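We will go from strands to side chains, one stop at a time.

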Amino acid sequence: MARLNTNGFELQSLTAGFEFDSILTNGGTPTINTNSAYTRSGGASLEVSTSGNYWYFKQQFRTLSANPVYVRFYLYIATLPDSGTGIFELGNATVETGANAIQLQLNPSGTLQITYWNGSSSIQVGSASSALSTGQWYRIEASYIQTSNTVEAKIDGTVLASGAGGNIATTGYYCLGILDA
């Protein structure tokens, strides 16, 4: 499998085209954090705040239908959200509108769950995770296989859930950030 994109925010830039395709915002202000307490292995990390606004980084990709899509990122939870909040999405159109998308949602209880969106309705895939702790780094992995429309998510190498999602097509995107607040 070829690596198509790597971004660790080590360039410490929020300018589109450096480490991501675009940033979309509705009042939120993304920041780069260089405080060593909030960096995992490098010198910088992306800081996400759930202050009632949404914003996210978007990266486009195109894959052949026989190839799986695989995304890995690291999550540090300083405080839990007040309501269920999308933190990652894999889809084929704009976020949460019309087309099919698969989303990882962080709940106020600290659990993560996979949700498959089909327009305005949603279906949970599998069970939610055990509660994640604040003040700790987690490796999150998500994969999608188009030939079987199968999605799987892992936390630190352990399967969170897997199952059938919808067809998200061969041209798509992934987003990281606060997708709804």
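## A walk through the strands

Start by selecting E11 and E12: these two strands run antiparallel and are joined by 6 bridges. Since this is a predicted model, treat each stop as a view of a prediction. For one of the pairings, pick Ile-155 and look across to E12, where Thr-158 is its bridge partner.

Now widen the selection to the sheet around this pair. In which order do the 4 strands of the open sheet come? The order is E5-E10-E11-E12, with antiparallel pairing. E5 and E12 stand at the edges with a single partner strand each, so one side of each has no neighbour in the sheet. If you look at how the strands lie against each other, neighbouring ones in this sheet are turned by 15° on average, direction ignored.

Next, zoom in on E10, which covers residues 137-145 and includes Ser-143. Is Ser-143 buried or exposed? Its relative accessibility is 18%, and the cut-off for buried is under 20%, so Ser-143 counts as buried. Show what surrounds Ser-143: setting aside residues up to four places away in sequence, it touches Val-69, Tyr-70, Thr-150, Val-151 and Glu-152.

Stay with the region and select Arg-139 and Glu-141. Their side chains meet in a salt bridge, at 3.4 Å from N to O. The count of salt bridges comes to 1. Colour the two by accessibility: Arg-139 is partly exposed, with a relative accessible area of 26%, whereas Glu-141 is buried, at 11%.

In soluble globular proteins, nonpolar side chains tend to be buried together. Here the largest nonpolar core has 27 residues, and Phe-73, Phe-88, Leu-104 and Ile-114 are those with the most contacts inside it. Among the elements that give two or more residues to this core are strand E5 (69-76), strand E6 (85-91), strand E7 (100-106) and strand E8 (112-118). E10, E11 (150-155), E12 (158-164) and E13 (171-178) are also on that list. Apart from this core lies another one, of 5 residues, including Ala-101, Trp-117, Tyr-173 and Cys-175.

For the last stop, centre the view on Ile-114. Which residues is Ile-114 in contact with, leaving aside its neighbours within four places in sequence? Among them are Ile-102, Gln-103, Leu-104, Ile-123, Gln-124 and Val-125. Ile-114 also contacts Val-151, Glu-152, Ala-153, Leu-160 and Ala-161.

Methods: Residues numbered from 1 in each chain as written. Predicted model: local features only at pLDDT ≥ 70, side-chain atom pairs only at ≥ 80, totals over all residues. Heavy atoms only, no water. Buried < 20%, exposed > 50% of the residue type's maximum accessible area, 1.4 Å probe, protein only. Contact = heavy atoms within 4.5 Å. Core = buried A, V, L, I, M, F, W, Y, C linked by side-chain atoms within 4.5 Å. Salt bridge = Lys/Arg side-chain N within 4 Å of Asp/Glu carboxyl O. Pairing = 2+ DSSP bridges. Axes fitted to C-alpha atoms, helices over the stretch in contact; angles between N-to-C directions.
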